[in-house]
Amino acid sequence: MTPKRKRSRWLKLLAIVSLLCVAGGIWQAVMIKMELRTYLPEGQTYLVNGHNMHLYGAGEGEGTVVFITGSGTPNAYTDFYALMNELQPYARTVTFDHAGFGWSETTSIPRDFHTVSNELHELLQTAGEQAPYLLVAHSLASLEALSFAQQYPDEVKGIVLLDGGSPEFYAKESEWKAYALNRFFAGMRVTGFARALGAAGILLPFYGENIRYKGLPEEVKGVDVAMYYSHIGSSSNISVLKHINENAQAVMEGGYLKGIPLLILSSDSGGSWEGVQKQLLNWSDESRQETLPRSSHYIHWSNQKTVISKIVEMLSH
């Protein structure tokens, strides 16, 4: 094959890919507008620090369980839906969307965890949610929960970390890797390829989205996929990802917790992750750690019943 013919084939392939991207982008934009009209907020939105934040609360009890999603989670309502339903007989349960996710507005305010924790505190007060709070935080939200407890120790009943990382770990974690993954998923979203894969039964990232989706009732599944297609790889997460090391360092400077129970529920990932979980034991003078067998990083999906029972135990202390 001559160089000219090879070049012609490459140009044709490029034209086809470009056309698919344009068509997928149009499809994505049209569907997002339709889904915004279809899936209205569950709960209420409140003006916090100059932007609207969404909060959903259910159940009654002496304390309030506040669920905090990890980095990039599209929607807190669907992510913790099962746990909230099961815990309603024991306590008031609350989920909220970080800025730019779920039903919360985007903001240009930097996402350092001192600011994020202050916003959560203001949101809870504005919504009338009563302390003491039991913070249940997944993954990177471990830093947010520790930061909140450092700033408002008298309002925190305890903390449950769902396969969270230690501040020491996040202080050295590669920000570039997390940023690159976010940009990849963003490209899949805006071009409609993520939606096309979802139509074929494949939800990104591959390691967990399908577990949550399959466990939701039919009336909630529509919300879940709509939020997923709208927010996967969201640029609202970039500020957090770019400052992982700084946020971790700020938590380390805030000091260890005193008199606040800390339960660390860990996946059985093994390797260096075990050491990261042991590091977390040093972050409270009342800490304990348990590794859940046959678990994934999203242990509140893969080991739902165990996680619920552990939260109930924490509420009774």
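pLDDT is the predictor's confidence in each residue, from 0 to 100. I checked that first: the chain averages 89, and 96% of the residues score at least 70.

Ground rules: this is a predicted model, where local features need pLDDT of at least 70, side-chain atom pairs count only at pLDDT 80 or more, and totals for chains, interfaces and linings use all residues. Residues are numbered from 1 along each chain as its sequence is written, and side-chain values use heavy atoms, with hydrogens and water left out.

Next, confidence by element (helices are DSSP runs of H or I, at least four residues; strands are E, at least two; both numbered from the N terminus). Helix 1 (residues 3-38) is lowest at a mean of 75, and strand 5 (residues 133-138) is highest at 98.

Then I looked at nonpolar cores, meaning sets of buried Ala, Val, Leu, Ile, Met, Phe, Trp, Tyr and Cys joined through side-chain atoms within 4.5 Å. Buried is under 20% relative accessible area, exposed over 50%, partly exposed in between (1.4 Å probe, protein chains only). The largest core has 40 residues, with Val66, Leu124 and Phe148 among those with the most contacts inside it. Helix 5 (residues 141-151) gives the largest share of this core, 6 residues. Apart from it I found another core of 29 residues, including Ala91 and Met314.

I finished on Lys157, which sits in strand 6 (residues 156-162). I logged Lys157 as partly exposed because its relative accessibility is 25%. Beyond four places in sequence, Lys157 has contacts (heavy atoms within 4.5 Å) that include Tyr133, Pro261 and His317. Its C-alpha is 20 Å from that of Leu140, 17 residues apart along the chain.
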